[in-house]
Every structure is written in C-alpha cells, then in structure tokens.
Amino acid sequence: QVQLVESGGGLVQAGGSLRLSCAASVRAFSWYNWAWFRQAPGKEREFVAAIGWSADITYYADSVNGRFTVSRDNAKNTVDLQMNSLKPEDTAVYYCAADYVVRSYSKADLQTRVASYDYWGQGTQVTVSS
C-alpha cells in the first residue's frame, strides 16, 4: 500500500503565504522522487515542483520559481511546499505525487509530466483572492 495525504490548503489574500504538507505511507521513502502538481478549474494538471533523493536536488516550474520551495523530511516521511507571494493565478487543487526511481542524482532525473508519477494524493484546495 502507498498512501499520500495532503494538508495545509486554505484561503489566503494575494501576497500571503501557505505551507502544504504531504504525509506518505510508503516503504523505503528515500527511493522516491516527490513532486507537487496543481489543477485549476477547466485546466489540465500542471507541474509545480519536484525534489529528488537529496533535498538539494530540486526543480521548479517557471511560474513559481523564486516564490515556492519544496522540501522533504525522511525521518517524518513528509514532503512540504512553502508558497510565498501568492497570486490569484495560483488558485488550484494541489496534489502530491511520488515516482519510484533507481537513480536521483541530479535535476535531469526529475520528471515534470503527470504520467511519470506512480502515486497521487487526494489533493488540497488553495484559493488566493485579489
């Protein structure tokens, strides 16, 4: 069984911050790449951020680079997304995703497509008002 549960979503005004958390129930937590995706009403699910086996291996979508930070805590089996300077266009359901991989040594090993990820959480709503 692999289970991912997101939390931390809510309503915030533009310019504010939120911190999302993904709690993972998996064996060998360190052998996965982890990512955050989001999906706004009427739009396709899009990549937000990813993190590899090492916390210093990260990759961000251009739309959030510099504002969002992804991190992982292997002791707690959690993946977090710190979101700062939020904009109305950040409004979406945010999903945590896991990708079991055999190597995760650089940014080149991180995937940005939905189909690349094996497991998904139920999503948490983030709404940013203007």
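View 1. Valine 102 is exposed because its relative accessibility is 71%; exposed means over 50% relative accessible area, buried under 20% and partly exposed in between, with a 1.4 Å probe and protein chains only. The model is predicted: local features need pLDDT of at least 70, side-chain atom pairs count only at pLDDT 80 or more, and totals for chains, interfaces and linings use all residues. Residues are numbered from 1 along each chain as its sequence is written, and side-chain values use heavy atoms, without hydrogens and water. Valine 102 lies in the loop between strand 9 (92-100) and strand 10 (119-120); strands are DSSP runs (E, at least two residues) numbered from the N terminus. Trp31, Tyr100 and Val102 make a nonpolar surface patch of about 370 Å² (nonpolar side chains within 5 Å, each residue with over 30% relative accessible area and no salt bridge; a salt bridge is a side-chain nitrogen of Lys or Arg within 4 Å of a carboxyl oxygen of Asp or Glu).

**View 2. The aromatic pair of tryptophan 31 and tryptophan 53.** The whole structure holds ten aromatic pairs (ring centres within 6.5 Å; planes under 30 degrees apart are stacked, over 60 edge-to-face, the rest tilted). Tryptophan 31 and tryptophan 53 pair edge-to-face, 5.1 Å centre to centre with 70° between the planes. The two residues are 22 residues apart in the chain. Tryptophan 31 is partly exposed at 41%, while tryptophan 53 is buried at 19%.

**View 3. Arginine 45 over two rings.** Arginine 45 lies over the face of tyrosine 95, 3.7 Å from the ring centre, and over that of tryptophan 120, at 5.0 Å (CZ of Arg within 6 Å of the ring centre and within 35 degrees of the ring normal). Tryptophan 120 also belongs to a cluster linked by ring pairs, with Phe37, Phe47, Tyr59 and Tyr117.

Methods. Patches are made of residues with over 30% relative accessible area and no salt bridge: like charges are joined within 9 Å, nonpolar side chains (Val, Leu, Ile, Met, Phe, Trp, Tyr) within 5 Å. Accessible areas come from the Shrake-Rupley method with a 1.4 Å probe; for residues, only the protein chains shown count as cover. Helices (H or I, at least four residues) and strands (E, at least two) are DSSP runs, numbered from the N terminus. Rings of Phe, Tyr and Trp (its six-membered ring) pair if their centres lie within 6.5 Å; planes under 30 degrees apart count as stacked, over 60 as edge-to-face and the rest as tilted.
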